[in-house]
Amino acid sequence: DATVSVADHTDLGEILVDGDGMALYMFDSDTQGELASACTGGCADAWPPLTTEGTPSGGDGVTADLETFEREDGGTQVAANSWPLYYFRNDESVGDANGQGVSGIWWVLDPSGAPIRSSPETPTDSGGDGISY
């Protein structure tokens with residue numbers, strides 16, 4: 001059965017991870033509360049869904065409501081705060097969050113299941129002059 005836990009990421013703070021400590025993501029093309037995935041086919045190859053055969057459980061610090069829904073392929077996907085959860089295939093080890101901010105539509109989530117829409121690699125404009133610092 002799937003376990004969703006909280007890990008302290010160096011750059012992003014507390015984020016949702018699976019029971020093995022791998023980062024979990026949400027997809028802006030999904031609709032929160034719809035309990036359906038817009039990521040199928042090749043998308044699901046790059047962003048595999050977190051699936052379970054039972055009831056998902058929340059580890060220490062998880063305040064998001066966890067629920068499940070049936071995917072088009074017949075699998076049962078886990079959702080946090082009504083956002084379907086995914087992995088990123090380029091995350092190879094615990095602590096990786098290489099999917100954060102990819103294409104401006106993939107985001108890790110905080111313990112309540114809210115997306116963290118920031119990226120440590122995205123420069124910020126601090127002067128209002130159009131130059132990124």
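**A walk through the fold, from chain to cores**

Of the 133 residues of the protein chain, 40% count as buried; buried means under 20% relative accessible area, exposed over 50%, and partly exposed in between, with a 1.4 Å probe and protein chains only. This is a predicted model, in which local features need pLDDT of at least 70, side-chain atom pairs count only at pLDDT 80 or more, and totals for chains, interfaces and linings use all residues. Residues are numbered from 1 along each chain as its sequence is written, and side-chain values use heavy atoms, with hydrogens and water left out.

Start with the layout. The order from the N terminus is β-β-β-α-β-β-β-β-β. Contact means heavy atoms within 4.5 Å. Take contacts between residues at least 6 apart in sequence: 60% of them join residues at least 24 apart. The protein chain exposes about 6800 Å², and carbon and sulfur atoms supply 41% of it. Such areas come from the Shrake-Rupley method with a 1.4 Å probe; for residues, only the protein chains shown count as cover.

Now look at β6. Four of its five residues are buried. Strands pair if DSSP finds at least two bridges between them. β5 (residues 66–70) runs antiparallel to β6, joined by five bridges. Here L66 stands opposite A80. The two strands form a hairpin with five residues between them, and G74 in the turn has a positive phi of about 95 degrees.

β6 also pairs with β7, again antiparallel, through two bridges. A79 stands opposite P84 in β7. This hairpin has two residues between its strands; N81 in the turn has a positive phi of about 55 degrees. S82 lies in that loop, between β6 (76–80) and β7 (83–84). Why does S82 count as buried? Because its relative accessibility is 18%. Leaving out residues up to four places away in sequence, S82 touches T31, Q32, G33, L35 and E67.

Finally, the cores. In soluble globular proteins, nonpolar side chains tend to be buried together. A nonpolar core here is a set of buried Ala, Val, Leu, Ile, Met, Phe, Trp, Tyr and Cys residues joined through side-chain atoms within 4.5 Å. The largest has 16 residues; I15, Y25, C39, W47, Y86, W106 and V108 have the most contacts inside it. β2 (13–18), β3 (25–27), α1 (42–46) and β8 (106–108) each give two or more residues to this core. Apart from it lies another core, of 14 residues, including L50, V62, W83 and L85.
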